[in-house]
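Okay, thanks for having me.

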Amino acid sequence: MDINIEADFKKIFKYEPQGSFFAPGRVNLIGEHIDYNGGYVFPSALSLGTYAAAAKRNDKKIRFYSVNFPQNGVIEVDLSDIIYRKEDGWTNYPKGIISIFAAEGLKIDRGFDIVYNGNIPNGAGLSSSASIEVCTGVLLNDFFKFGLDNVAIAKLSQKAENEFVGMNCGIMDQFASAMGKKERAIFLDCSSLDYKYVPLELKEMSIVIINTNKKRELAGSKYNERRRECEDALKDLQTKLNIKNLCSLGPEEFENNKDLIKNPVARKRAKHAIYENARTIAACKILEKNDVAGFGKLMKESHDSLRYDYEVSCKELDAAVKLALDHQGTIGARMTGAGFGGCAVCIVKNGDIEDFIKDIKPEYKKITGFDAEFYIACAETGACKLEKRL
Ligand code: GLA
C-alpha cells in the first residue's frame, strides 16, 4: 500500500501540511522479553510504519485524524486537557507523547492539526503503537525545535507508554523505531543503551514474517504480570547476589543460585531471561560470522523457551512456528514481540519462499481457523522527516 500522507492531510483539513514524518515498526530477530531485564535485544526496523503530516495552529486546539480509523472521524482536544481516556483509543499514544514532553519541560505552546496513516497490521506485535509514539515525537521535536536526538525521543516514547498508557514495556520497540538502519539489525544492550549495527547479510535467504492474525488478547495485563514475576525473581536473587538486573547473570551463575528464587514460576521466568540473553549474545556473534544456520538453531531454542518457560506463546504461534520449521526452505523460526498472538519471524531460502507461503497458508488455516498473512521484511531506516529519508 503506497501512502501519500500529504495528500491525506489535504483531503481531511483542506490545506497544506507543514511537514511530514515516518517512524517504522520493528521485528525482533532474537532476545525476547529481556529488554526490561537489562539484556540484549536484536531488532530491525521495518519498511512498514506510521506516517504523519501536520501543521501548527494559532490556538491551543489539537485535531487528530487517522486514515486507519476513519470511523472515529476528527478528534479534537485542547492542549490544556491532555488526559488518558480508554475510549479515546489510538489517540492516547500521541496524547501520551504530548503529556510526557510537557512533564519534561518541553513546552508545546500551540495546537496543531495532524493526520496519521500506517501500514503495520494492528495488534500484530510489530510495534504499531511504538511507531505512532516515535513518529509523533520526531514531529513535535521538529516543529517546536526541542533539539532532541532520536535516542532521547525513544526514551520519552517509552515513558509515555509506561506512564500515560500504562503498558510497562521495555525500550526495544521505541529504540528500534527511532534508530533503525537500512540492511542492519541493532544489537542493543538495554541496560546501558550501548548499541551497534550488524549487517543483515542473509544472501540467498530472507526474513519472512507470518502474521497469525490471532489478535493479542490481554497482552497488556499478562505482559505486566511477567514483569512483576521477573522483579520477584530478581529480589530473591539479590538476597545473596549483588546484581542490578536478571541479565547481569550468566546461565552458569543462574544454575548455581536459582534455588534462591522461592516461587517456581518466577524461577522459570528468570531462566528464560538469562538463557535468552546468552542466546542473543551468541546469535549476534554467529551472524557476524555469517553462520545463518547456527542463527536458526538459536531461534528455535528461543521459541521453545518462550513457549515453555516464559509461557507467552499460544496455539496459533506454535502452529505457525512448527509449520515453518517443518518446511524444507526454513532455516529458523520463532515467535517475535510480546507474544499471546501476533507474529512469527522466520528465515527462509529465497527460492523456497513461494512454496513456503503456498504450503503453510492452508495448513495453518486447517489447524487454527485463521488466515495467516506473510510479509518479506527488509531492514529499514528509523524515524525521520520524510524529505530526509534516505
Ligand atoms: C513488547 C514490548 C518490548 C519487549 C517485547 C518482548 O514488544 O514493547 O519492550 O519487551 O514486547 O520482547
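Let's begin with D259, which is exposed, at a relative accessible area of 65%; for these labels, exposed means over 50% relative accessible area, buried under 20%, and partly exposed in between, with a 1.4 Å probe and protein chains only. Before I go on, this is a predicted model, so local features need pLDDT of at least 70 and side-chain atom pairs count only at pLDDT 80 or more, while totals for chains, interfaces and linings use all residues. Numbering runs from 1 along each chain as its sequence is written, and side-chain values use heavy atoms, with hydrogens and water left out.

So where does D259 sit? You'll find D259 in the loop between α7 (251-257) and α8 (264-288); helices here are DSSP runs of H or I, at least four residues, and strands are runs of E, at least two, numbered from the N terminus. From D259 to L237 is 22 residues in sequence, and 8.7 Å in space, C-alpha to C-alpha.

Next loop: G250, between α6 (219-238) and α7. G250 counts as partly exposed, at 22% relative accessibility. Its C-alpha is 7.5 Å from that of Y275, 25 residues apart along the chain.

Now the helix pair. The axes of α3 (residues 128-143) and α4 (residues 150-165) come within 9 Å and cross at roughly 125 degrees; axes are lines fitted to C-alpha atoms, for helices over the stretch in contact, with angles from 0 to 180 degrees between N-to-C directions. That makes α3 oblique to α4, where oblique is whatever is left after under 35 degrees (roughly parallel), over 145 (roughly antiparallel) and 65 to 115 (roughly perpendicular). Who meets whom? On the α3 side, S129, E133, V134, G137, V138 and N141 meet N150, I153, S157 and E161 in α4, contact being heavy atoms within 4.5 Å.

Staying on α4, its 16 residues should span 22 Å at 1.5 Å a residue, and the end C-alpha atoms are 21 Å apart, which agrees; the expected span is 1.5 Å times one less than the number of residues. Buried residues of α4 include V151, I153, L156 and F164, and the buried set packs against α2 (92-103), α3 and α5 (172-179).

Last one, α10 (residues 315-326): 12 residues should span 16 Å, and its end C-alpha atoms are 16 Å apart, so that agrees too. Among its buried residues are L317, V321 and L323. The buried residues of α10 pack against β9 (205-211), α9 (292-308), β10 (330-336), β11 (343-349) and α11 (353-368).
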